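Please look over the sequence and the structure shown here before reading on.

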Amino acid sequence: MRSISRSRPQSIGVLNYALSYLLLLLPAGLLAVLAARTESPAVTVAVGVLLLLSLGLARSHPVWHPPTSGTVVVLYLIGAIAAWAAFPRSDDWVPFLVQGALLLVAVALYGYHDLVRTGTEPLRRANKWSRRIAARRGWPPDLAECRTVPEAVALRAAMRTEPAPALSLLADKRPQVQAAALGALEHHTHWRPGEAEMVVRHAQRAQEPAVRAAAVFALAGVDTADLIAELAAFLRDPAVDVRLAAAEALMWNAEARWPFAREAVKEALADPKLANDGPMFSTAGRLPGAAVADLISWSAEQPPLAKRAILTVVEHFNGDLLNAERPELANELSTMMLDTEMPPALRVELAGLLRDHHMLTPDLLDRLTNLNQPAPMRLFAAELMLRLNPSDPDGVDVLRGLARQPNRELALHVAAVLQNTLGMELGLPAGEVQPQSKTAADVARRVLAWANGGSADPLRPTPGPRPGLKPGSRPRAQGLGARPPFGPVPTPPAGRPRPSPLDESMLPPPDMSAFGGRNDLRDQPPPPGPLDESMLAPPPPRSPLDDSMLLEGEALAEEEETENLLSPPPAAYNPLDESMLAPDNPPPVPPLKPPKPFKRPGPGSVF
């Protein structure tokens, strides 16, 4: 992670250390020379006191910078007073030389101290480095590296409360000079009215992404609501580097800035153009508690807001687990993972995070397979079970239950587990498959067949529709009135009513080996069925003359046939006859009454 603290020199160099020790030991050294020449006990005591004071300031370097420079001036004044008090009226020139040297160095140190304290000296040095940046001709090939050149670093160290020398370089047309000037203003905190707004306008007009990123880092120290909102607006910048710089700049003092940047962050996460950016604050440090709560609530929104919010909060938890600063975090994440009020997508990502950190215990894994858990959680648990043990019956049962659900997208995920984990070939291609495609339909059908107990390997796609056939263009099926295509067609004997075509469907299939010779069924009348009566035509009306020609007690031939038809069927009949019956409660058929017999008339006229 990029450091957001103000850069300070880690070492002042050997010469600066030597100069610091020389300034500290110079008063004691001059008094020691005076004590050795005059053998004055008072001067010797003053030398010891100065040495003790110098040792107390030995860890403050450089000693000529405020606030140490003020104490060093006091050391020189003590030495000068000690030299004057020991020899107020001496004729020797050495005490006066020591007094003059101590007073001269004290005045110089105090002048430098006053220049630094009033800001005149830092401004002088800042103007010097600003002129060197403007006069520089050789620049790094990468524009982003221009803000870290030595002149920019020195200018940043020289500017404390006065950014005017760097702001004056923004008028230069060279983007290298602008990037170096904005790099010198990185994380600047002391802004006068209008100065930070100037940097914002320059960033909005800049064409180079590196210049905009440097301006964003320069605005990292703003603290007003309007400027924080302007800074958060760069989260939707077209350049990736600028968006990353804005996310990192917002995390500087994020606890106080989050209320002002919250809406801008939500709009950036919901922007469809930035849906593939992944987590927003991946390298920007730890998020405040309010930000984590907002991201968890946004994970229940519509994509892409939900997706990016989940990735961001999971990345935050991942950083906390790596830092190992919160031992109770694993229990908190487990509780969130099992909470049914949490969005299922967030719960799946938390389960994956616990798995990656080896914190997903067998008890948690077993609870993820319960029926009250959503389908994504059960699928995740089943996949993990089968990865650990491909023969795990619980994992297979969970997959079969998920495969039976009428969800084609879920069926594709189950197919991916079966094909990638268990090695079953389901025809799932390596790339992304749309749920509405024909390939997805075939894969879902295979998965459903596997879930119902079948094997997915021998399954073939369903054949396409066939064109319709005209009536009579195909042979009849055997047992439905079809006859073999060879041999003579038998004709019923004369005087016997033609059987109904439906009666032949009740016959057992003929013996194919007997078609070449005699047909046993040819001379046998078909057994009467219960539907024969319904198939008969009503008898034609008889004339009274026909009845008059009959002898007494002689029945008509039609009446005999009618009685035969009305007689009950034989005991052995085919049970398939009932399938040809009419619907229940048919209309009653009135029974046929035989006519009364007539006596033959005697001789004479009939009428």
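The paragraphs below go from the whole chain to single residues.

This is a predicted model, in which local features need pLDDT of at least 70, side-chain atom pairs count only at pLDDT 80 or more, and totals for chains, interfaces and linings use all residues. Residues are numbered from 1 along each chain as its sequence is written, and side-chain values use heavy atoms, with hydrogens and water left out.

The protein has 26 helices and zero strands; helices (H or I, at least four residues) and strands (E, at least two) are DSSP runs, numbered from the N terminus. Of its 607 residues, 38% count as buried, where buried means under 20% relative accessible area, exposed over 50%, and partly exposed in between (1.4 Å probe, protein chains only). The accessible surface comes to about 36600 Å², and 58% of that belongs to carbon and sulfur atoms. Accessible areas come from the Shrake-Rupley method with a 1.4 Å probe, and for residues only the protein chains shown count as cover. Among contacts (heavy atoms within 4.5 Å) with a separation of 6 or more, 65% are between residues 24 or more positions apart.

Helix H3 covers residues 68-86 and has 19 residues. From first C-alpha to last, H3 reaches 28 Å, close to the expected 27 Å at 1.5 Å a residue; the expected span is 1.5 Å times one less than the number of residues. Buried residues of H3 include Thr 68, Val 72, Leu 75, Tyr 76 and Gly 79. The buried residues of H3 pack against helix H1 (14-38), helix H2 (41-56) and helix H4 (94-118).

Ile 78 lies in H3 and counts as partly exposed because its relative accessibility is 33%.

A nonpolar core is a set of buried Ala, Val, Leu, Ile, Met, Phe, Trp, Tyr and Cys residues joined through side-chain atoms within 4.5 Å. The largest one has 96 residues, and those with the most contacts inside it include Leu 155, Phe 317, Met 337 and Leu 360. Helix H10 (residues 209-218) gives the largest share of this core, eight residues. Apart from it lies another core of 26 residues, among them Leu 24, Leu 50, Leu 57 and Ala 106.

Helix H21 (residues 408-420) has 13 residues and reaches 18 Å, close to the expected 18 Å. Its buried residues include Leu 410, Leu 412, Val 414 and Gln 419. Their cover includes helix H19 (375-388), helix H20 (393-403) and helix H22 (438-451).

Is Asp 271 buried or exposed? Asp 271 is in the loop between helix H13 (254-269) and H14, and it counts as buried because its relative accessible area is 10%. Not counting residues up to four places away in sequence, Asp 271 touches Arg 236 and Pro 304.
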